[in-house]
Amino acid sequence: MSELRQDPITKRWVVIANARNNRPVHLKKNAEENKPGVNPFAPGNESLTPPEVFAFRKEGTTSDTLGWWVRVIPNKFAAVSLDVTCDEDLSGFHKKKPAVGSHEVIVETPDEHADIALLPHDHMTDIWRAYRERMQTLFQNPVTEYVQIFRNQGYGGGASLPHPHSQLISLPLVPKNIEEEVYHCGQYAEINGRCLFCDLIVEEQRTKTRIVAENEDFIAFCAYAPRFPFETWIAPKNHAADFSNATENMLTNIAALYQEVLQRLAQVLGKLDYNMVLHTAPRNLKSPLAYHWHVEILPRHVQRAGFEFGSGCYLVTTSPEQAAGWMRESNNPEPA
Ligand SMILES: [Zn+2]
Ligand SMILES: [Zn+2]
């Protein structure tokens with residue numbers, strides 16, 4: 001069973017997925033609590049996962065065997081599914097929909113101990129190519145309204161297996177956080193005839209205090225009003241609403257800047273737990289200026305607690321100007 005339910009008070013949609021109770025949890029708070037278990041993402045264990053839907057692999061090797069360096073598989077403990085059976089009910093007091101969608105795992109490297117910030121640049125670019133390929137494919141299904149790509153790093157980031165991987169979930173609706181961003185970008189575009197993110201980037205380049213790093217196509221800066229200390233956003237410098245249209249050149253450059261930001265964060269904070277989320281335009285954007293795709297990196301070394309859950313207001317004890325300053329000053333090792 002997997003269904004989407006709308007909270008009647010806040011109108012927020014949530015996924016109820018009972019089967020996820022049974023998923024394996026191999027990451028515990030303390031390393032000592034880690035039980036050595038079978039790693040389903042390790043090379044040689046391809047038969048333990050559902051059949052792969054995409055991979056970068058050596059020429060001449062066949063699916064679900066050795067030879068891959070990036071491998072995309074359906075999540076065995078999926079939060080959503082293409083064959084859910086619950087009834088839709090949008091007319092009653094409580095509203096629900098079947099959680100129709102795909103939940104996939106992008107296994108980022110065969111090496112379970114790899115630090116993705118230090119992967120060779122070409123390898124990291126292939127990970128971004130895999131994101132683009134899967135997003136394009138999932139949007140071909142007319143039921144898909146949004147595709148959320150995300151990465152949970154470490155216990156604090158909510159990861160359940162330590163092997164480097166990211167995930168995606170496609171949804172038959174636009175989730176609240178995206179709806180909110182799209183709404184405000186749309187209002188701004190209607191009034192000003194310009195993209196809100198494009199103007200934000202101009203403002204960050206004018207003040208410079210929150211910029212972390214830049215390259216030809218992308219800028220990374222600490223968010224002006226962050227939810228987490230060191231929260232860093234990476235956005236294309238030229239207007240682009242939809243990540244799935246990213247060019248080869250852009251994928252090369254997002255891969256480079258993403259790794260640079262992760263390295264700079266690690267230089268300042270040490271080995272860190274974080275979430276990465278990729279925000280892109282939902283299906284049927286009102287105007288091409290009504291969104292601008294971007295990546296948000298949310299370090300999770302500080303717990304979010306009662307005040308944040310109670311008020312939706314975040315208390316952040318490092319200013320983004322200070323955080324960006326430290327990240328700019330950190331020395332940035334070259335990828336291996
Ligand atoms: Zn823009
Ligand atoms: Zn966003």
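Modeller: Leaving aside its neighbours within four places in sequence, Glu231 is in contact with Cys222, Ala223, Pro226, Glu296, Leu298 and Pro299. The model is a predicted one, and in it Glu231 sits in the loop between strand E10 (218–222) and strand E11 (232–236). Although Glu231 lies in a loop, it counts as buried because 21 C-beta neighbours fall inside 10 Å, where 20 or more are needed. A residue from another stretch of the chain gives a sense of distance: Arg71 is 160 residues away from Glu231 in sequence, and the two are 28 Å apart in space, C-alpha to C-alpha.

Lys11, in the loop between strand E1 (2–6) and strand E2 (13–17), is exposed, with 10 other C-beta atoms within 10 Å, and has a positive phi of about 70° although it is not a glycine. Asp64, which belongs to the loop between strand E3 (54–57) and strand E4 (68–74), counts as partly exposed, with 16 C-beta neighbours inside 10 Å; Asp64 is not a glycine either, yet its phi is positive, at about 60°.

Once neighbours within four places in sequence are left aside, Ile254 is in contact with Trp128, Phe218 and Ile234. As general background, nonpolar side chains in soluble globular proteins tend to be buried together. Helix H4 itself has 22 residues and reaches 32 Å from its first C-alpha to its last, close to the 32 Å expected at 1.5 Å a residue, and just after H4 comes Gly270, with a positive phi of about 80°.

The protein chain is divided into domain 1 (2–175) and domain 2 (177–329), and their centres, taken over C-alpha atoms, are separated by 22 Å. Domain 1 brings 25 residues to the contact, and domain 2 brings 25 residues. On the side of domain 1 that touches domain 2, the elements that give two or more residues are helix H1 (121–139) and strand E7 (146–153), with H1 providing the largest share, 10 residues. Sorted by class, that side of domain 1 has 12 nonpolar, 9 polar and 4 charged residues.

Finally, there is the protein chain as a whole, which has 6 helices and 13 strands. Its radius of gyration is 20 Å, close to the 20 Å that the globule rule gives for 336 residues, so the chain is as compact as a globular protein of that length. Along its principal axes, the C-alpha trace spans about 55 × 55 × 40 Å. Of the 336 residues, 37% count as buried, and Glu231, where this account began, counts as buried too. Among the contacts with a separation of 6 or more, 69% are made by residues 24 or more positions apart.

Terms used
Residues are numbered from 1 along each chain as its sequence is written. Chains are lettered from A and ligands numbered from 1 in the order in which they are written. Domain bounds come from an automatic or database domain assignment. Two residues are in contact if their C-beta atoms, placed from the backbone, lie within 7 Å. Helices (H or I, at least four residues) and strands (E, at least two) are DSSP runs, numbered from the N terminus. Ala, Val, Leu, Ile, Met, Phe, Trp, Tyr, Cys and Pro count as nonpolar, Asp, Glu, Lys and Arg as charged, and the others, Gly among them, as polar. The expected span of a helix is 1.5 Å times one less than its number of residues. The radius of gyration is taken over C-alpha atoms; the globule rule is 2.2 Å times the number of residues to the power 0.38. A residue is buried if 20 or more other C-beta atoms lie within 10 Å of its own, exposed if 12 or fewer, and partly exposed in between; C-beta atoms are placed from the backbone.
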